[in-house]
Amino acid sequence: MDAGSYSYDDYRDQKAREQRDLARAGRDIAPIPKCVDPERRDATRMDLRAWCETYFARTFSRAWSPDHLMVIEAIQQAVLDGDLQTISMPRGTGKTSLCRCGLLWSVFHGHRRFGVLVGATGSHSVDLMDTLKADMQTNELLLEDFPHLVYPIHKLEQITQRAKGQLCEGEPTLIQWNAEQVVLPRVANLPGAGSILRTVSLVGQIRGMQHVTPEGETLRPDVFLADDPQTDESARSVVQTNQRLRTMRGSVMGLAGPGERIAGLMTCTVIVRDDLADQLLDREKHPEWRGVRTKMLASLPTDVETHEEYAEVWRAEQRGDKEKGSALKFWKRRRRKLEAGAVASWPARFDAETEHSAIPHATNLRLRLGP
C-alpha cells in the first residue's frame, strides 16, 4: 500500500488488529508442560490407596486403620464396577476426604466422566465443590503429573472470567469454572479431558441432569458423591426422611439415565434411629447400597465403675475445679482397668498432648458429645 493511500481508517483498523492479536496471545496458555513423573502417575491409575498416599499425603498423614483400608477398597470397587457404596464412620476419621479423593481419582484417570456432588443443602454442596476446586488449585503434585488438566486451571489465577476466553495453541480449552460446575479443559486427548464435576442439593433440582459436549454428545452423570445428605432437622422428621429417601433411591440413582448404572459413594452419620443414614446402611432393607458401618472402638471397655470415676475427674477438670491435666494423670494411674476389654479401630487417632492413645480419645469424645 502506498503512503498516499494509507488513511487514518486504515491505521485505526491495523491498530485494532494488533490489539486483538495481543489479547489473543495473552489468553493462549501454550505450551502445556509435560508430565513430570509418568510412572508415579500410572502407578495410581488402578490403585486408590496409592493415589491417596501419593497425591494427598498431607491429607492422610496418620497411619491407616483396617477400617480405612476396607473403605478405600469399597470406594475403588464402586467406581470401577459401577456399584453403590454407603459408608458410616465416626466423625473426624476422614470419610469425606476419602470419598472426595475417590471422586477426583475416578475423573482424573478417566474411570468416570461426569461426577455429581450431592449435599444436604445448597450451601453444603457448594462447600464440597470449593474443597474440590482447592485441591485442583493448590496440589503441586497433581499439577506435575496431570498438567493437561491442572495447568489450565492454574493459569486462570483464580479469575473465573478468564475461563471463557482461555486458548491453547489457538484453540479454546473449553474449561468451565464456576460455583456449581467445573468442566475440565480439553487440551489433549488424555484421560479426564472435558470431564464434568457438578454440585446439587438433595432438595434441589436433580432430575434430567446432563451436559452436551461441543461434538454434540450428551453426557449423563456416571458417578456421584453424597456427603451426609441429611440435616439434624431432617433426620428427626419422618416426613423429611422419607422424602430424602425417595430422592436418593429415585432421582439420584437415576442420574445416569434409563437402564444405565451409576457409581455412587455416600458418607453419612447416623443421627437418630431410622433416619436416612440408618435406613440406607441397613443391608436387609437396602442391599444395593452395600452399607458399611465402622466404630471408633471395636469393643468397649469392661470396667464401668472405673470409667465413671474417670468421668467425674474429667468433668471436674472441664469446670475448672481440678488442675489441667488431672484427667490424663488419672488415666495413666488406672490405665490397666480403664483400657481392659477396649480395642480402638484407629490406634493413630488421638491428641498426643492430652491423650496417650486412641482409647482415652474415644472416651473423651463420648463425654464431650454424648453417647
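Reader: How far apart are the end C-alpha atoms of H4?

Author: Helices are DSSP runs of H or I with at least four residues, strands are runs of E with at least two, and both are numbered from the N terminus. The expected span of a helix is 1.5 Å times one less than its number of residues. The 16 residues of H4 should therefore span 22 Å, and this agrees with the separation of its end C-alpha atoms, 22 Å.

Reader: At which pLDDT do side-chain atom pairs count in this predicted model?

Author: Residues are numbered from 1 along each chain as its sequence is written, and side-chain values use heavy atoms, leaving out hydrogens and water.

Reader: What is the mean pLDDT of the protein chain?

Author: Over residues 21–25, pLDDT stays under 50, and the model has two contacts (heavy atoms within 4.5 Å) for them beyond four places in sequence. In the protein chain, 93% of the residues reach 70 or more, and the mean pLDDT is 89.

Reader: Which elements do the buried residues of H4 pack against?

Author: Buried means under 20% relative accessible area, exposed means over 50%, and partly exposed lies in between (1.4 Å probe, protein chains only). The buried residues of H4 include Asp67, Val71, Ile75 and Val79. Just after H4, Gly82 takes a positive phi of about 75°. The buried residues of the helix pack against H3, strand E1 (84–88), H5 and E11.

Reader: Is Trp51 buried or exposed?

Author: Not counting residues up to four places away in sequence, Trp51 touches Thr44, Phe56, Cys101, Leu104, Trp105, Phe108, His109, Leu142 and Phe146. With a relative accessible area of 0%, Trp51 is buried.

Reader: How are the rings of Trp51 and Tyr55 set, at what centre distance and angle?

Author: Rings of Phe, Tyr and Trp (its six-membered ring) pair if their centres lie within 6.5 Å; planes under 30 degrees apart count as stacked, over 60 as edge-to-face and the rest as tilted. By this rule the count comes to 10 aromatic pairs. In one of them, the rings of Trp51 and Tyr55 have centres 5.0 Å apart and planes at 55°, so the pair is tilted.

Reader: How many residues apart in sequence are the parts that the pair of Trp51 and Phe108 ties together?

Author: Trp51 and Phe108 form an edge-to-face aromatic pair, 6.1 Å centre to centre and with 65° between the planes. Trp51 lies in helix H3 and Phe108 in helix H5, so the parts that this pair ties together are separated in sequence by 57 residues.

Reader: Which residue does the side chain of Glu217 meet in a polar contact?

Author: Glu217 has its place in the loop between strand E8 (211–212) and strand E9 (218–219). At 37% relative accessibility, Glu217 counts as partly exposed. A polar contact is a pair of N or O atoms within 3.5 Å; within protein, one must be able to donate a hydrogen and the other to accept it, and residues adjacent in sequence count only if both atoms are side-chain atoms. At 3.2 Å, the side chain of Glu217 makes such a contact with the side chain of Arg113.

Reader: The backbone nitrogen of which residue does the side chain of Ser234 reach?

Author: Ser234 is found in helix H10 (residues 232–235). Its relative accessible area is 1%, so Ser234 is buried. At 2.9 Å, its side chain reaches the backbone nitrogen of Thr231.

Conventions:
Predicted model: local features only at pLDDT ≥ 70, side-chain atom pairs only at ≥ 80, totals over all residues. pLDDT = per-residue confidence, 0-100.
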